[in-house]
Amino acid sequence: MLIIAQLCALTSIGVLSYIAIMVMMGRMRRKKAVGFFHPYTNDGGGGERVLWCAVKAIQEQSPHLTCIIYTGDEASPESLEARALDRFGVVLPSPPQVVRLYKRKWIEAATYPHFTLIGQSLGSVLLAWEALNKFTPTLYFDSSGYAFTYPLARLFGCKVACYTHYPTISSDMLSRVLRGNSMYNNNNVIARSFWLSIGKAMYYKLMAWMYGWVGFYSDLAMVNSSWTQSHIEMLWKIPQRTRRVYPPCDTKSLQALALERPERVRNFISVSQFRPEKAHGIQLEAFAIAVKRVKLEASDHLDALVVPRLQLVGSCRNKEDQDRLLGLKTKCVELGISDQVDFFENVSYKNLVDLLGTAISGLHSMTDEHFGISVVEYMAAGAVPIAHNSAGPKMDILLDEDGKRTGFLAISVDEFADAIYTLMMMPEAERLKIAAAARKRASRFSEGRFYNDFKAAMHSLLSEL
């Protein structure tokens with residue numbers, strides 16, 4: 001037993017020594033660069049837009065610094081530069097450098113069927129270890145929400161900055177578990193069991209404590225909304241290092257679109273990744289109810305009936321998202337609306353603008369959406385938004401402009417259906433008043449404002465490099 005104990009001690013010492021040596025070597029190799037930890041550079045969502053706008057801002061603000069992208073995707077500097085332009089209309093001053101990561105499976109939800117939060121969080125540390133060993137920058141910038149990597153980056157001698165779209169754990173998640181609410185991250189089995197709910201609540205409290213500890217290591221924490229800011233300040237306890245920087249929304253080019261829509265067009269659009277939290281099923285159910293109601297009330301005037309269409313535009317990150325997309329198509333058949341719903345996967349920026357230009361309304365049904373870039377894009381394009389009555393849309397975006405309504409907020413399927421029906425039947429003149437007020441409010445969240453606020457937040461940190 002003594003020999004075994006000695007061997008274990010020697011093994012532990014060896015592992016710790018190896019880690020110390022690798023960290024010291026990383027510090028010695030550290031280069032004047034900003035390393036963006038963004039393992040998925042093909043998700044097509046608002047987070048990717050933030051990435052490319054952040055890269056552009058730093059390239060303009062500190063051209064002497066090299067921008068590195070840590071990604072698990074097969075990509076080249078030229079392909080990423082082209083993607084930023086094609087998908088988001090962002091012109092980078094120069095192509096970013098690429099560090100390919102091969103251990104991305106450690107942050108995939110499928111790797112952790114149970115205890116997914118802690119699994120992905122600890123897995124991100126392993127992925128960051130690979131990243132920082134391959135290239136150690138002077139500034140480590142997390143643009144995907146992997147806060148558990150911050151202490152490791154500090155060990156490698158990096159300054160740490162982040163742009164946090166939403167907290168990994170929040171008091172809202174905890175309260176839903178305690179109330180027994182079933183959602184994508186709290187299945188029915190747990191929601192119906194008192195003891196399982198108590199166990200999960202304890203797990204969430206432990207995660208919240210750990211999340212607060214690692215977040216404290218951030219030198220600068222940028223957050224995207226009032227809702228996110230309140231949670232991050234409560235958990236990380238670094239209000240003096242926390243800055244609210246609204247995400248870059250494409251308001252300029254979208255505001256060039258006409259507010260008017262063709263007389264016999266009643267298109268509704270939904271722009272978001274095909275992820276479970278986006279709750280596309282609510283949109284389909286609400287649309288089916290509204291369409292049925294319109295057809296019943298217009299049965300005597302079928303010749304004048306304008307049949308509405310729902311266009312779901314998004315991207316898939318992995319097989320789970322692809323399966324989810326197939327499930328949504330099946331649901332359309334079950335609801336009897338398959339001939340009125342169109343799916344668009346991985347569309348180009350130009351095609352997205354064209355689709356927004358024909359929509360009278362945009363749908364967004366995620367609960368506690370941290371901000372909601374697509375909601376702002378609807379407003380800028382002249383599509384009146386119908387969004388979930390929580391977090392970003394409620395607190396920051398869909399507020400009155402000059403005393404005028406800018407959109408609709410809803411929670412239940414019936415509330416979404418009522419809003420959809422209202423816009424289906426609304427006279428164009430009335431819709432235009434709401435659309436005009438929404439467009440004016442959308443200008444508060446422009447790319448220009450993001451660049452100004454981002455550069456101001458980063459100024460002191462970059463001046464030290």
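## Briefing on a predicted model: strands, helices and surface

Y140 of strand β4 is the bridge partner of G35, and this pairing is one entry point into a model that is predicted. The protein has 465 residues, of which buried residues make up 55%, and its secondary structure comes to 17 helices and 13 strands. Among contacts with a separation of 6 or more, 73% are accounted for by residues 24 or more positions apart.

**Strand β4 and its partners**

- Strand β4, which covers residues 137-142, is mostly covered, since six of its six residues are buried.
- Strand β1, made of residues 31-37, runs parallel to β4 and is joined to it by five bridges, and the pairing of G35 with Y140 in β4 can be located there in the structure.
- Strand β5, made of residues 159-164, also runs parallel to β4, and four bridges join these two strands.
- For D142, the bridge partner in β5 is C162.

**Helix α2**

- Helix α2 spans residues 46-61, and its 16 residues reach 22 Å from the first C-alpha to the last, which is close to the 22 Å expected at 1.5 Å a residue.
- This helix is mostly covered, with twelve of its 16 residues buried.

**E447 in helix α17**

- E447 is found in helix α17, which comprises residues 447-463.
- E447 counts as buried because its relative accessible area is 17%, and the cut-off for buried is under 20%.

- L206, W209 and W213 together make a nonpolar surface patch of about 400 Å².
- L206 is found in helix α8, which comprises residues 194-215.
- L206 counts as partly exposed because its relative accessibility is 47%, a value that falls between the cut-offs of 20% and 50%.

Key
Residues are numbered from 1 along each chain as its sequence is written. This is a predicted model: local features need pLDDT of at least 70, side-chain atom pairs count only at pLDDT 80 or more; totals for chains, interfaces and linings use all residues. Side-chain values use heavy atoms; hydrogens and water are left out. Buried means under 20% relative accessible area, exposed over 50%, partly exposed in between (1.4 Å probe, protein chains only). The expected span of a helix is 1.5 Å times one less than its number of residues. Patches are made of residues with over 30% relative accessible area and no salt bridge: like charges are joined within 9 Å, nonpolar side chains (Val, Leu, Ile, Met, Phe, Trp, Tyr) within 5 Å. Accessible areas come from the Shrake-Rupley method with a 1.4 Å probe; for residues, only the protein chains shown count as cover. A salt bridge is a side-chain nitrogen of Lys or Arg within 4 Å of a carboxyl oxygen of Asp or Glu. Contact means heavy atoms within 4.5 Å. Two strands pair if DSSP finds at least two bridges between them.
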